[in-house]
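Student: I'm new to this one, and I'd like to know where the labels come from. Can we go through them step by step?

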Amino acid sequence: MQTNLLSQQFKAGSLAEDSTTCAANATICDGTSCVLPEDTFNQTLSVVLSTVLTIMLALVMFSMGCNVQLKNFLSHVKRPWGIFVGFLCQFGIMPLTAFLLSLAFNILPIQAVVVMIMGCCPGGTASNVIAYWVDGDMDLSISMTTCSTLLAMGMMPLCLLIYTKMWTDSAAIVLPYDSIGLSLVALVIPVSFGIFVNHKWPSKAKIILKVGSIVGAVLIVLIAVVGGILYRGSWIISPKLWIIGTIFPAAGYTLGFLLARLAGLPWYRCRTVSLETGMQNTQLCSTIVQLSFSPEQLELMFTFPLIYSIFQLLFALLILGGYRLYRRYHVKTNTDVEKPAQKEDSKSNGKINGGFISDEMK
């Protein structure tokens, strides 16, 4: 203690002799005490970003709802085979993949936990926008996102309990049920309005859908870019997490597509399930991480959700580009025509969605 006291006196004496040791932007500097203004850049940017993105996302989901027909949406709920396959992908494949990747790369326990949190999160709303652009089943896409968000209330604690007990006590992980609930509300309400508009004014719904799909694509890129600025001081993390952040979404897309195909779903629904599986709710993962760990622990893995977000977007764009090229040169479809009355899983449904016609539908 005497040594610490002498050290403090020495520092005070040095400051008294040379007041220039204070930073130029110090708010208080009397030669012995300097107080720097708090850097609120990240905090301010986070609030602005959250507000703007929430409003824009609600508008985008409203436009996506304009492509949903209520009877088709309800048919997925009444005969939830597609939703069940998506459930297996979301809370079966993704947590297991996260667990195996954590073991394979032998990362730190705290890093393994954040990878597991990402694997246990529900699907993100960005998948709905990409599903539209790859001519997926929008009714299935939105019903899967809604159900996975709702089921996350129970499945996230269960999956974390099963997979993280070798690294930490699952009770130490704080699940923000209010954030999950808000995500559900922010999804259901705008989509419901969109479905209503599509029912009452189908011609206007088409215009809203096209505008919203473009805005949604821009919004997805904007989130990734601004996220990089927001966390500009947190990019120095383990190379292993960079590798896992690259492999994980690619594995999700691939395994989701394969399981959907094995389950006998038509091609356009396979694409939908694939996107719903690989595209996770990274904002929710970031919230859980911030609530559950100390600042010292966050330095080891805080940027992983953003890394995953970047690569899930990159692979989604590659899927979109590959599909568009294939459709341009091999498939003649017209997705701009009005959807006529049709039976579920009919051949016309595959054509209107711009998808391939599966063997069982020929």
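Predicted model: local features only at pLDDT ≥ 70, side-chain atom pairs only at ≥ 80, totals over all residues.

Student: Okay, so why is L96 called partly exposed?

Tutor: Its relative accessible area is 38%. The cut-offs are 20% and 50%, so L96 falls in between and counts as partly exposed. You'll find L96 in helix α4, residues 81–105.

Student: What makes the nonpolar surface patch that L96 belongs to?

Tutor: L96, L100, L103 and M166 make it, and the patch covers about 360 Å².

Student: Why is the pair of F99 and Y163 called tilted?

Tutor: Ring centres have to lie within 6.5 Å to pair, and these are 5.4 Å apart. Planes under 30 degrees apart would be stacked and over 60 edge-to-face; here they sit at 50°, so the pair is tilted. F99 lies in helix α4 and Y163 in helix α7 (residues 138–163), so the pair ties together parts 64 residues apart in sequence.

Student: Then why is the pair of F248 and Y308 called edge-to-face?

Tutor: The centres are 5.3 Å apart and the planes are at 80°. Over 60 degrees counts as edge-to-face, so that's the label for F248 and Y308. This pair also links distant parts of the chain: F248 is in helix α10 (residues 239–262) and Y308 in helix α14 (residues 304–330), 60 residues apart. F248 and Y308 are both buried.

Student: How many aromatic pairs does the rule give?

Tutor: Eight. There's a cluster as well, formed by F99, Y163 and W167.

Student: What makes R261 count as sitting over the ring of W267?

Tutor: The charged end of R261 is 4.1 Å from the ring centre. The rule asks for a distance within 6 Å and a position within 35 degrees of the ring normal, and R261 is listed as sitting over that ring.

Student: Last one: what makes helix α5 mostly covered?

Tutor: In α5, 11 of the 12 residues are buried, among them I110, V114 and C120. Helix α5 spans residues 109–120 and reaches 16 Å from first C-alpha to last, close to the 16 Å expected.

Conventions. Residues numbered from 1 in each chain as written. Heavy atoms only, no water. Patch = residues over 30% accessible without salt bridge, like charges linked within 9 Å, V, L, I, M, F, W, Y side chains within 5 Å. Areas by Shrake-Rupley, 256 points an atom, 1.4 Å probe, with all protein chains shown as cover. Salt bridge = Lys/Arg side-chain N within 4 Å of Asp/Glu carboxyl O. Helix = DSSP H or I, 4+ residues; strand = E, 2+ residues; numbered from the N terminus. Buried < 20%, exposed > 50% of the residue type's maximum accessible area, 1.4 Å probe, protein only. Phe/Tyr/Trp six-rings, centres within 6.5 Å; stacked < 30°, edge-to-face > 60°. Expected span 1.5 Å × (residues − 1).
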